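Please go through the report below with the model open beside it. It moves from the overall layout to single contacts.

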Amino acid sequence: MTSTADGTGLDAVGTDIVGTDDVSLERELDQLLAVERFDPPPDFVSRWYRPADAAAAAADPPAFWAEQARTLLDWDTPFTTVLDDSNPPFYRWFTDGRLNVSANCLDRHVAAGRGDKVAIHWVGEEGERRRVTYSDLLADTQRLANGLKELGVGKGDVVGIFLPMIPEVAVAMLACARIGAVHNVVFGGFAPSAVRERMEVSDAKVLITVDGARRKGRTAPVKEAVDAELGDLKALEHIVVVRSTGIAAPIREGRDVWYHELLERADPVAPPEPLDAEHPLFILYSSGSTAKPKGILHTTGGYLTGATYTHRLVFDLDADSDVYWCSADVGWITGHSYIVYGPLSNGATSVMFEGAPDYPDRDIWWKIIEECKVTIFYTAPTAIRTCIKWGPQYPGRHDLSSLRLLGTVGEPINPKAWLWYHKVIGGGRCPIVDTWWQTETGAILISPLPGVTSTKPGSATTPLPGIFPALLSEDGQPVTEGTGVLVITKPWPSMLRTLYRDDERYVQTYFSRFGRDVYVVGDAARLDADGYFWIIGRIDDVINVSGHRLSTAEVESAIVSHELVAEAAVVAQSDEQTGQAIVAFVTLTGNQSGDDATIAELREHVATRIGKLARPKRVIWADDLPKTRSGKIMRRLLRDIAEGRELGDVTTLRDPDVVAALAGKVAQADADE
């Protein structure tokens with residue numbers, strides 16, 4: 001499967017990247033680092049922002065969101081109730097309204113005479129091109145919707161989707177939305193065992209997958225690998241297989257069906273099902289601070305309102321002229337909101353790219369931008385940092401003058417990367433929207449508005465209209481300037497509704513620290529004197545690698561499952577390329593001693609169980625781990641050791657000598673590198 005994720009796909013790029021030194025560019029960027037604030041380009045005027053909107057949102061948030069929902073979406077049954085906040089934190093929006101997401105993304109554009117408009121410019125890894133119109137998408141979506149019904153899928157049933165970046169992934173999502181099935185998309189870079197886990201805990205009835213997936217000139221036999229893991233799942237009745245690469249794929253009689261055959265025999269007309277606004281749209285599993293992934297549940301009306309509104313506003317979208325490209329993978333929330341639902345609901349033309357950012361060469365992204373005349377480009381800071389290492393000569397090969405707006409997503413961007421992006425890719429003329437949001441929020445919450453907000457490199461700046469973030473101290477007191485815990489104090493339409501089949505965990509994870517009406521983001525942030533937010537990083541045990549959120553517990557469980565491992569603790573370490581890197585402190589069984597071959601074996605073991613992106617960048621052999629007298633591993637100290645920082649309080653340690661020994665090993669490893 002393609003491993004292009006929240007903007008990058010860099011887990012397969014490698015670390016042996018040598019940039020080209022450009023002295024004049026370096027000097028210019030160093031000078032720009034002294035500039036604290038960049039005003040909007042004087043000739044860039046926002047199409048959609050009006051100061052009155054911000055005032056209305058501040059005065060009456062539900063009324064503001066009701067106006068967006070009515071203006072941006074088509075409703076089968078108009079709503080009269082906007083926000084039901086009678087049982088926080090189980091907020092409900094537009095509860096008596098009915099609509100269909102698929103109809104809003106497809107039917108209404110075709111009915112308005114825009115069926116021939118390109119919805120997706122698809123670019124394959126080997127340069128193949130497909131021009132998919134709104135009429136094309138609607139035709140395939142209707143046939144697949146009927147095909148799923150033929151397989152017994154009904155309203156509320158879960159359908160798993162494990163596909164690479166091909167147009168069929170959008171068709172699969174939209175077909176589920178059309179009939180009221182709940183889709184559960186799994187990122188293509190995950191191992192089949194992770195697919196099994198997500199299908200098993202959600203009781204998926206059907207899985208849509210692919211014969212094989214290409215990656216940098218090689219083809220992986222996806223269906224064969226899926227069969228090896230999912231063959232005995234009781235709830236899984238059928239597997240639909242997309243023929244994408246032509247690689248041989250085992251087909252089990254009575255269970256499996258080819259995607260193209262299913263569409264060929266299906267009725268071409270499938271009227272969209274009017275659904276309650278609170279009907280579940282999708283589950284997306286996100287790593288949490290325990291080994292069990294969290295099934296984040298989003299619903300129909302509120303989610304589509306948020307995705308449609310923010311996509312149009314933040315990217316200053318002109319659906320008639322813009323060509324928009326988000327380089328994420330559909331398997332992440334960025335792909336759901338800003339490749340599929342937001343752009344299609346707005347009637348935009350988008351680019352979808354199947355491959356890696358360095359195949360067949362490191363200029364492939366810039367070649368696509370030139371050839372497709374991309375005007376809006378949305379990617380991750382990790383990708384930008386890697387492009388910096390490769391050197392400016394790669395984007396320099398291509399005409400990027402079509403670009404008029406740039407965006408970043410997935411993690412905070414460091415100022416120098418922001419400036420390189422601004423200068424080298426945007427030519428100094430393109431506003432940059434540094435967006436902050438989460439799987440749980442469904443849509444962007446904090447971001448500059450192009451043509452409106454003065455930007456500070458590295459800051460997500462200020463909240464969008466209708467969003468109310470704040471910083472609180474550890475004891476819940478407001479922080480007006482300085483560092484604190486980031487929270488959202490009022491509900492918003494695109495927020496998650498619960499964790500799938502786990503309401504108790506939903507409350508405990510997000511609404512237990514400061515009360516049931518305060519959403520705890522899980523990030524620490526800084527608020528400056530101008531009211532700008534600077535996201536610092538996670539406050540729980542989640543590692544953000546290239547925009548991928550990975551649970552430390554999930555990685556630890558994978559490592560400990562190896563027969564040679566007795567114990568493991570995983571922490572994050574700052575990394576110039578990926579934002580954060582995984583460092584594993586590992587104790588082996590018995591008198592085993594670790595070497596480079598053992599490290600390679602452990603990394604491959606983790607890749608098999610979770611995916612390549614979860615492989616530890618560093619493995620430190622530990623005779624013991626720093627523990628409290630009650631036996632709890634002090635990961636805070638391990639983070640300090642990995643980062644080479646001065647250690648904090650060690651008075652609760654059972655054996656302080658353990659810390660000194662590990663610090664010595666890390667220092668020696670650093671010296672050897």
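This is a predicted model: local features need pLDDT of at least 70, side-chain atom pairs count only at pLDDT 80 or more; totals for chains, interfaces and linings use all residues.

## Layout

Into which domains is the protein chain divided? The chain splits into domain 1 (51-523) and domain 2 (546-672); these bounds come from an automatic or database domain assignment. The C-alpha centres of domain 1 and domain 2 are 33 Å apart.

Residues are numbered from 1 along each chain as its sequence is written, and side-chain values use heavy atoms, with hydrogens and water left out.

## Annotated N-terminal region

An unreviewed UniProt entry places the feature "domain: Acetyl-coenzyme A synthetase N-terminal" at residues 55-105. UniProt positions follow the numbering used here, feature names are shortened, and annotations may be inferred rather than shown by experiment. Over residues 55-105 the chain is 43% helix and 12% strand. Helices (H or I, at least four residues) and strands (E, at least two) are DSSP runs, numbered from the N terminus. The end C-alpha atoms of this stretch are 29 Å apart.

## Nonpolar cores

A nonpolar core is a set of buried Ala, Val, Leu, Ile, Met, Phe, Trp, Tyr and Cys residues joined through side-chain atoms within 4.5 Å. Buried means under 20% relative accessible area, exposed over 50%, and partly exposed in between (1.4 Å probe, protein chains only). The largest core has 166 residues. L144, I208, F315, Y341, I559 and V586 touch the most other members. Helix α6 (residues 167-179) gives the most to this core, with 10 residues. At least three residues come from each of domain 1 and domain 2.

Take Y341. Leaving out residues up to four places away in sequence, Y341 touches V101, C105, M173, L174, A177, H183, L281, F282, Y303, L304 and H336. A second, separate core has 34 residues, including W325, V374, W390 and V424.

## An open sheet

Eight strands make an open sheet with mixed pairing; the count of 8 runs in the order β12-β11-β8-β6-β7-β14-β15-β23. β12 (256-258) and β23 (498-499) are at the edges with a single partner strand each, so one side of each has no neighbour in the sheet. Strands pair if DSSP finds at least two bridges between them. Strand β15 (residues 294-299) pairs with β23 in the antiparallel sense over 2 bridges. L297 has T498 in β23 as its bridge partner.

## A hairpin and its contact

β24 and β25 form a hairpin with 5 residues between them. Strand β24 (residues 519-527) and β25 pair in the antiparallel sense over 5 bridges. L527 stands opposite F533 in β25. In the turn, G531 has a positive phi of about 80°. Strand β25 (residues 533-538) has 5 of its 6 residues buried.

F533 also meets A470, which touches V485, L486, V487, T489 and F533, not counting residues up to four places away in sequence. A470 lies in strand β21 (residues 469-472) and is partly exposed, at 22% relative accessible area. The C-alpha atoms of A470 and F533 are separated by 9.2 Å, although the two are 63 residues apart along the chain.

## Cysteines

The structure holds 0 disulfides (a disulfide is a pair of cysteine sulfur atoms within 2.5 Å). For C176, the nearest cysteine sulfur, that of C105, is 13 Å away. C176 is buried at 0% relative accessible area. For C387, the nearest cysteine sulfur, that of C326, is 15 Å away. C387 is buried as well, at 6%.

Conventions:
Contact means heavy atoms within 4.5 Å.
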